[in-house]
Amino acid sequence: MTTVELGMPAEGPIADAIAASVETQGEKQTVLKAKDMKTDQEVRWCPGCGDYVILNAVQSFLPSLGIAREDMVIVSGIGCSSRFPYYMNTYGMHSIHGRAPAIATGLAASRPDLSVWVVTGDGDALSIGGNHLIHTLRRNVNMTILLFNNRIYGLTKGQYSPTSEVGKVTKSTPMGSLDHPFNPVSLALGADATFVGRAMDSDRKGLTDVLRQAAEHQGTSLVEIYQNCNIFNDGAFDLLKDPTTGPMWSIPLEHGKPLVFGPDGASCVVRDESGGLRIAETNQVDAAEIVVHDVTRQDPSYAFALSRLSSQDLRYTPMGVFRAVQKPTYDAMMAEQLDEARTSSPADLDAILTGADTWTVSA
Amino acid sequence: MTATNTPVTAPAATSAPGGLVKSVVELDRVVIRLAGDSGDGMQLTGNRFTSETASFGNDLSTLPNFPAEIRAPTGTLPGVSSFQLHFADHDIMTPGDAPDVLVAMNPAALKSNLSDLPGGGLLIVDADEFTPRNLAKVGYATNPLEDGSLEGWQTVAVPLTSMTLDALADSGLGKKEAERSKNMFTLGLLSWMYHRPTEGTIRFLERTFRRKPQVAAANIAAFRAGYNYGETTEAFAVSYEVKPAPMAPGRYRNISGNQALALGLVAAGQRSGLPLFLGAYPITPASDILHELSRHKSFGVRTFQAEDEIAGVASAIGASFGGALGVTTTSGPGISLKSEAIGLAVMTELPLLVIDVQRGGPSTGLPTKTEQSDLLQAMFGRNGEAPLPVIAPRSPGDCFDAALEAARIALTYRTPVMLLSDGYLANGAEPWAIPDVESLPDLRVEFATEPNGEDGEFLPYLRDPETLARPWAIPGTAGMQHRIGGLEKADKTGNISYDPANHDLMTRLRQAKVDGIAATLPPTEVEDPDGDARVAVIGWGSTYGPIGAACRRIRRSGRSVAQLHLRHLNPMPADLGDILRGYDRVICPEMNLGQLALLLRAKYLVDVQSHTQVRGLPFRAAELAAVIQDVIDSTSGAPLAADPTGGAE
């Protein structure tokens with residue numbers, strides 16, 4: 001049973017081609033297993049890369065959406081993560097650096113009947129492709145963007161990235177990097193993204209949970225996935241993964257639940273006098289003061305304040321869904337305008353070629 | 001008056017209201033230039049006069065010329081905007097080398113245009129604007145209307161502004177607002193002078209200002225006042241008649257290059273049955289294509305105003321992957337930004353139309369002026385061996401056919417196609433024979449719907465043996481899932497391949513696919529009515545008109561010359577090398593520094609003589625004729641007399 005609502009079916013020669021394929025290949029297959037999602041291509045990430053874990057999680061999770069493989073398209077840019085489409089038995093395009101959201105926009109806007117996914121990395125999405133990312137988010141085109149954040153440039157062998165912490169010593173910054181990093185969740189919320197979530201590569205359950213909500217969301221969903229690069233930035237997320245420190249520094253986000261975290265729920269999130277949020281000790285505040293997480297707030301400033309709790313060394317990192325609000329999607333509105341135009345004026349090619357002012361030369 | 005517009009008949013006396021005796025002179029052609037401040041509405045006035053002229057049945061050609069600034073400071077030289085219209089009782093090819101009539105709405109317009117008006121030409125100025133302040137703004141120490149410096153021309157100083165205000169005294173409009181109608185007063189005067197039909201302009205004003213009836217009424221009143229002024233004033237004793245031009249039977253309209261291109265794209269969508277998707281970022285002089293296409297949503301046309309040039313082309317590639325006819329429109333700077341993505345379309349072998357409305361460069365260059373300097377960028381401006389077909393329209397109306405041809409190639413060969421228009425074609429206009437929809441090419445495509453491999457698998461890079469095109473299998477098609485991308489593809493399977501022999505093979509296959517298009521092109525047309533030309537002139541794009549007009553002059557002087565004009569710049573027609581080698585001399589005029597000449601010399605080892613100009617304006621036919629004549633005379637040895645008609649078209 002599908003849980004994802006796809007848009008209006010295609011028309012014309014596109015619909016004819018789909019119908020013809022169904023006739024020769026059999027009905028669209030929507031009952032699938034993880035192995036159905038794999039391709040015959042050898043996966044070529046470094047052994048131990050966090051990308052393997054994410055690939056397995058996605059391959060296991062996607063069949064549960066009940067969408068036929070041929071109705072899914074994965075578009076990627078350039079970088080380690082962007083090899084992802086080659087390993088998924090769907091339609092796919094491994095495009096050029098940073099442009100995947102723009103390519104996916106053209107595809108999603110003209111084919112609302114497809115489930116469109118973008119796989120990108122911190123360099124691809126936030127550096128060279130930063131412009132496309134924010135504009136895609138503000139338009140709310142129907143697609144799901146998986147941003148693998150390993151806080152380093154892997155494919156070019158270890159330069160700092162736009163999410164690397166200040167002072168990062170890399171091949172290109174022997175004395176430490178100078179630029180302040182982006183927080184991808186804050187950036188997305190600043191662009192008024194309608195769905196923003198964050199998950200950890202190694203947390204299969206948490207990752208799957210966020211991915212499901214992202215896939216079901218109508219509009220652009222951005223999921224930041226913390227991903228370990230064991231070659232150039234190993235252990236970047238250990239603070240959050242470690243069984244001892246992890247619970248101390250991650251804030252699990254659950255819609256409708258008070259924001260309490262840490263061993264024995266010792267810490268919590270409360271309103272700050274300045275209008276933002278702050279961390280408090282649970283036993284020092286009144287239970288009513290503890291913020292109850294609500295992903296549906298229209299005003300993105302709450303989710304933004306939540307995203308600002310974490311420091312660049314990852315202490316107090318909220319994990320889960322920050323925001324999930326309903327807004328009309330770009331592709332649906334575009335289709336509506338086309339329908340409206342068709343209703344008000346028929347498509348008469350001769351009429352537009354002729355125009356308003358003509359004259360006739362007789363023989 | 002020059003020999004070019006000698007009266008065809010002797011002046012006939014007519015009687016105008018008020019007992020004034022006015023004569024009518026019949027001319028075979030006229031070139032009018034309207035020049036004024038950017039805020040004076042010269043482009044609108046020119047377009048209206050053009051529409052009147054088109055519906056009257058003259059052949060015509062226009063040259064709008066305006067600054068990049070929307071409103072440069074009022075009354076300054078950089079703020080001058082002009083519109084030149086050439087209309088005739090016979091078939092013409094250019095907007096005219098020089099005006100016969102110059103209308104200057106202020107001192108700045110006079111100063112920047114007067115040098116183009118030949119001696120004896122008619123000069124009409126708005127006397128009200130020649131104030132000490134306006135004169136000082138453009139550096140006139142004395143008033144040229146009074147100091148005798150305009151004696152070489154037939155100067156008529158008309159108080160256009162104050163007469164407009166008088167005419168609108170009861171309109172209820174304020175002075176500033178009423179003054180804005182002076183362009184319509186001027187249009188009315190010109191409409192009288194050249195016997196233009198007026199109903200179209202009145203209908204246009206009613207339509208344009210339908211929500212502001214007071215403004216509509218004022219403009220119509222000013223227009224009529226200008227017309228009546230012409231009829232009654234003693235300042236103009238003569239009016240002129242230019243008879244309709246003989247044209248092939250059919251329905252006609254006036255059309256600009258950008259309009260024709262946009263309609264060609266809509267037609268390509270309709271004839272292929274595919275949804276048209278335009279991804280574009282606003283840029284001069286291409287934006288009008290985006291504007292026009294955004295009005296045709298009922299044809300399933302999706303227009304996406306992207307965040308930047310790269311997103312414009314990228315979204316079109318995404319749409320093409322999904323089975324749409326993806327298009328991106330831009331000008332030279334945009335092509336620079338799109339280059340990497342165009343390379344992706346070359347690699348993924350998806351249909352894509354890339355429209356470059358060229359302008360003066362490099363960098364921001366001359367945004368509103370014309371040039372042909374992106375040819376080499378179109379040919380080679382990508383990393384790696386990235387061949388793609390390049391085509392160019394030759395006239396505003398031809399942009400329609402060029403768009404359909406670009407779509408045919410893109411869809412048949414699964415390749416990005418570059419279409420090179422330019423600022424002159426984009427904004428220039430001409431009469432256009434409205435085509436019969438059923439006669440337009442059939443562009444239907446077949447999507448791949450079944451596996452094509454021996455083992456029941458789908459091979460996305462298994463090529464059609466004839467066209468070398470790969471199958472186009474679109475998402476949603478069952479059993480055909482595949483991945484494409486910018487990494488080198490293995491032959492047939494399309495999987496990633498770094499194999500040396502495979503890369504060599506694929507590089508050659510991509511080239512062979514584009515080269516193979518040449519075999520499907522019709523034989524090159526050579527225009528040589530005398531059949532004994534030893535000198536050929538070859539051009540491409542918007543130079544067709546000026547080259548053609550120059551060749552006509554040459555032939556009238558008793559000389560022979562052959563004209564060839566390329567629609568397909570890559571690949572070039574298969575017979576071109578042999579044709580060029582058959583002439584003693586080949587001249588190639590271009591609005592760049594010799595880009596086509598470079599290609600022809602490299603490809604065919606023919607000693608092509610380049611003649612170039614980059615003034616942001618089209619060639620003048622007379623200048624080209626002089627160049628061609630010199631080459632012919634130095635080839636044949638015996639100089640003949642010059643064109644006895646002095647350059648009629």
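**Exercise 1.** Find which strands helix 9 of chain B lies across, and at what angle it runs to strand 10 of chain B.

*Solution.* Start with helix 9, residues 257–272 of chain B. Helices (H or I, at least four residues) and strands (E, at least two) are DSSP runs, numbered from the N terminus. Helix 9 lies across strand 10 and strand 17 of chain B. Helix 9 runs at about 115° to strand 10 of chain B. Axes are lines fitted to C-alpha atoms, for helices over the stretch in contact (C-beta atoms, placed from the backbone, within 7 Å). Angles run from 0 to 180 degrees between N-to-C directions.

This is a predicted model: local features need pLDDT of at least 70, side-chain atom pairs count only at pLDDT 80 or more, and totals for chains, interfaces and linings use all residues. Residues are numbered from 1 along each chain as its sequence is written, while chains are lettered from A and ligands numbered from 1 in the order in which they are written.

**Exercise 2.** Work out the strand order of the open sheet and which strands stand at its edges.

*Solution.* The order is 12(A)-10(B)-17(B), with antiparallel pairing. Strand 12 (358–361) of chain A and strand 17 (429–433) of chain B each have a single partner strand, so one side of each lacks a neighbour in the sheet. Neighbouring strands are turned by 35° against each other on average, direction ignored.

Next, take strand 10 (residues 250–256) of chain B: its antiparallel pairing with strand 17 of chain B spans 5 bridges. Strands pair if DSSP finds at least two bridges between them. N254(B) has P431(B) in strand 17 as its bridge partner.

How values were computed:
Contact = placed C-beta atoms within 7 Å.
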